[in-house]
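Please open the structure in your viewer and keep the selection tool ready.

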Amino acid sequence: MVSQGDVQLALPERWPRTSKFILSAFAAAVAEIVTFPLDLTKTRLQIQGEAAQHHYGQAAASSVPYRGMVRTAAGIVREEGLLKLWQGATPAVYRHIVYSGVRMVAYEQLRESVLRRNEDGSFPLWKSVVGGMAAGAIGQFVASPTDLVKVQMQMEGRRRLEGKPPRVHGVYQAFVKILSEGGIRGLWAGWVPNVQRAALVNMGDLTTYDSVKQFLLRNTPLSDGSICHSIASICSGLVAASLGTPADVIKTRIMNQPRDQEGRGLLYKSSIDCLIQSVRGEGFMSLYKGFVPNWMRMAPWSLVFWLTYEQIRRTSGVTSF
């Protein structure tokens, strides 16, 4: 006779990777919706004052003053409306369903089957770094088209305020527009800095969370519960923001730049060119534009994601991450 416990564990045991994908995608969707206004604010801050736009002749960019995170968010609400803080949230959720689902499954697969733990059950830091960067790069490459659509939709509010015609009116139209202008290849515009950023962010997120959690379990009285998960997630959010912000600035600028009929960028030739132009035109600290909202978003995002993910894994009968 099959016990109730066996019935509860049937799905995770039969399709472990599928189950983990679904659970991580759900947790990521919850975290993304809760923290999305901070992501929108961060994106607006990173685009303001681009030196390359001045050289290209887009004088409108200079009319937007530098504003801090709070003033930028308040300005969006005042000038565009409260709901505009969630503009672009739909492709962002689509992106995280793919991105987080793939990266979480990839990391655990690398940890358990490729890189493997030590005999005592520990997972060395260098292996965690390799696994985190690889998992992030794989997940972001797959999800890059949705990230491109998200960035373009986030900037529509500012384009309207500057008197420019809207580029897109929805997720479907954005995909169609990108395909018509650049073909399939256009959907992966900016994928190099995108993947670079994801590798760095996941080295901060997955590696830090996994390492801090295991350190706490081995060296403190804390159990594998909410307090341990919260401490590890806060640490992972800080490290991820510190490592990922420069690449995030480059990624955002490349993905938001105007393009010719063949889908080639008109402002930057490559991520290296964007890096050089940004530092020359605006200084090194331009690479950390939006760091505060980036960190203030990553910290609660990481907290909500990991707490939700660990809890629904436990509820669903899947072992702790």
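This is a predicted model: local features need pLDDT of at least 70, side-chain atom pairs count only at pLDDT 80 or more; totals for chains, interfaces and linings use all residues.

Residues are numbered from 1 along each chain as its sequence is written, and side-chain values use heavy atoms, with hydrogens and water left out.

**Salt bridges**

A salt bridge here is a side-chain nitrogen of Lys or Arg within 4 Å of a carboxyl oxygen of Asp or Glu, and a search of the whole structure finds 13 of them.

Select Arg103 and Asp205, whose side chains meet in a salt bridge with 3.0 Å from N to O. Arg103 belongs to helix α6 (residues 89–114) and Asp205 to helix α10 (residues 191–219), so this pair ties together parts that are 102 residues apart in sequence. Helices are DSSP runs of H or I with at least four residues, numbered from the N terminus. Both Arg103 and Asp205 are buried, a word that stands for under 20% relative accessible area, whereas exposed stands for over 50% and partly exposed for values in between (1.4 Å probe, protein chains only).

Next, select Lys213 and Asp224, which form a salt bridge whose closest N and O atoms are 3.6 Å apart. This pair links distant parts of the chain, 11 residues apart, with Lys213 in helix α10 and Asp224 in the loop between α10 and α11 (226–256). Lys213 is buried, at a relative accessible area of 1%, while Asp224 is partly exposed, at 26%.

Then move to Arg78 and Glu79, where the closest N and O atoms of a salt bridge are 3.8 Å apart. Arg78 is exposed, with a relative accessible area of 60%, and Glu79 is partly exposed, with 39%.

**A nonpolar patch**

Finally, select Leu238, Val239, Leu243, Val292, Trp295 and Met296, which form a nonpolar patch on the surface with about 450 Å² of accessible area together. Such a patch is made of residues with over 30% relative accessible area and no salt bridge, its nonpolar side chains (Val, Leu, Ile, Met, Phe, Trp, Tyr) being joined within 5 Å. Accessible areas come from the Shrake-Rupley method with a 1.4 Å probe. Helices α11 and α13 (291–316) each supply at least two residues of the patch. Among its members, Met296 is found in helix α13 and is partly exposed, with a relative accessible area of 36%.

Conventions: Patches are made of residues with over 30% relative accessible area and no salt bridge: like charges are joined within 9 Å, nonpolar side chains (Val, Leu, Ile, Met, Phe, Trp, Tyr) within 5 Å.
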